[in-house]
Amino acid sequence: MKTVKIGNTNFEASAVALGIMRMAGMETADAANTLEAAVDAGINFIDSADIYGGGQSETKFKEALKASGISRDQLFIQSKGGIILDPARSHDGLVFGQRYDFSKQHLIDSVDGILKRMGIDYLDSFLLHRPDSLMEADDIADAFDTLQREGKVRHFGVSNFNPQQVEMVQSWVNQRLLINQLQFNVVHSGMVKEGMHVNMIDDASIMRDGGIMEYSRRKNMTIQAWSPFNYGLFAGMYINDPKFKKLNDKLEELGKKYGVSKNAIATAWILRHPAKVQVLLGTMNPEHIKDSAAGADVDLTKQEWYDLFFAAGNDLP
Ligand SMILES: NC(=O)c1ccc[n+]([C@@H]2O[C@H](COP(=O)([O-])OP(=O)(O)OC[C@H]3O[C@@H](n4cnc5c(N)ncnc54)[C@H](OP(=O)(O)O)[C@@H]3O)[C@@H](O)[C@H]2O)c1
């Protein structure tokens, strides 16, 4: 498994990581099989959030870790906080918030809850889940200092932040922000598309993220691509969806060439970018983990990367 360094650290994280958003509600033995399949595939990085399954994903992770032959130290364990869950809008393992909350007490309580549910003493990293417009400097700075001083969190980062927001929080805190988690895949590709349509008059030139791809590369921040196989906000998987026929034909053609699945080629497309990108897989199915993770060892040519970009309905000026 190819690795990527996390931010400016020397930690070699697997280029493909496992997100446990969909782990809530599984039988413990199945969840343990999921973790074992991930480790067997070379994955050493787990992503979570306090709200996944209303906390049940993390509780299940604790049981699964115990039931598996995996020790806590084999894994880089990350979670996120700062969203207050809205149970009425959350369904089928997908979670939506009623508000964001970056107050000092909420962030500290969030980490305490995560550690308890996951049955671990510290998090390798903790991310601010989605930018809270009401965030204030002292809250975040004090929370990060306290969590680090008490040995509860080793590293920090953000999720769904634009460059101005990263700069602002970075100017407040003593810890270097290492990671930014963002939705990114061949169908959800604004982060690269807008950079190739600069100053044009078409919609592709509209900058929706403030140039986060280039910013992250300049600042040596790791981008974690969430929902690698989904289009829209959990609108569905583009793989095998007839709405994306051209893309699926191309994924299939390249899958045959490299002897891997379409999901693996979709993974390889994300990892072909020279930014320090990590793919967060969401499947809990051991076979799907194995075949998607195989994409980390496929090196697409530049032309193949662009061919997939075009097949997903994009163009170039
Ligand atoms: N920071 C954020 O705001 C944010 C938002 C969303 C997610 N995330 C993180 O990103 C992770 C992944 O998100 P996601 O679950 O939406 O990502 P995903 O990997 O794009 O989607 C997973 C879904 O694809 C399905 N799938 C079907 N066939 C598959 C195959 N052959 N291979 C792989 N998957 C297949 C899976 O079903 P099966 O189980 O049947 O395989 C599962 O339902 C989450 O766990 C979470 O850690 C972060």
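**Pockets, barrel and helices**

Reader: Which helix gives the most to the lining of the second largest pocket?
Author: H6 does, with 4 residues. Helices (H or I, at least four residues) and strands (E, at least two) are DSSP runs, numbered from the N terminus. This is a predicted model, in which local features need pLDDT of at least 70 and side-chain atom pairs count only at pLDDT 80 or more, while totals for chains, interfaces and linings use all residues. Residues are numbered from 1 along each chain as its sequence is written, and side-chain values use heavy atoms, with hydrogens and water left out.

Reader: What volume does that second largest pocket have?
Author: About 460 Å³. A pocket is an open set of points on a 1 Å grid over the protein atoms alone, where a 1.4 Å probe fits, with protein on both sides within 12 Å along at least five of seven lines; lining residues have an atom within 4 Å of a point. The volume is the space filled by probe spheres set on the points.

Reader: And which residues lie nearest its centre?
Author: Gln183, His188, Met191, Arg208 and Asp209, out of 21 lining residues. Strand E10 (177-183) and helix H6 (190-196) are the elements that give two or more residues to this lining. By class, 8 residues of the lining are nonpolar, 7 polar and 6 charged. Ala, Val, Leu, Ile, Met, Phe, Trp, Tyr, Cys and Pro count as nonpolar, Asp, Glu, Lys and Arg as charged, the others, Gly among them, as polar.

Reader: What about the largest pocket, how many residues line it?
Author: It is lined by 35 residues, with Met21, Arg22, Trp226, Ser227 and Phe234 nearest its centre. The volume of this largest pocket is about 610 Å³. Its lining divides into 16 nonpolar, 13 polar and 6 charged residues.

Reader: Which element gives the most there?
Author: H10, with 3 residues. Strand E7 (97-100), strand E14 (277-281) and helix H10 (286-293) each supply at least two.

Reader: New topic. How many strands are in the barrel?
Author: The closed barrel has 8 strands, in the order E3-E4-E5-E8-E9-E10-E11-E14, with parallel pairing. Neighbouring strands are turned by 30° against each other on average, direction ignored. Two strands pair if DSSP finds at least two bridges between them.

Reader: How many bridges join E4 to E5?
Author: There are 3 between strand E4 (residues 45-47) and strand E5 (residues 76-81), which run parallel. Phenylalanine 45 is opposite phenylalanine 76 in E5.

Reader: Now helices. At what angle do H8 and H11 cross?
Author: Roughly 155°, and the axes of H8 (residues 245-258) and H11 (residues 302-311) come within 8 Å. H8 and H11 are therefore roughly antiparallel, a term for angles over 145 degrees. Axes are lines fitted to C-alpha atoms, for helices over the stretch in contact, and angles run from 0 to 180 degrees between N-to-C directions.

Reader: And H8 with H9, what angle is that?
Author: The axes of H8 and helix H9 (residues 262-271) cross at roughly 95° and come within 8 Å. That makes H8 roughly perpendicular to H9, the word for 65 to 115 degrees. On the H9 side, the contact (heavy atoms within 4.5 Å) is made by Lys262, Ile265 and Ala266. The residues of this contact of H8 with H9 divide into 5 nonpolar, 2 polar and 2 charged.

Technical notes. Parallel < 35°, antiparallel > 145°, perpendicular 65-115°, else oblique.
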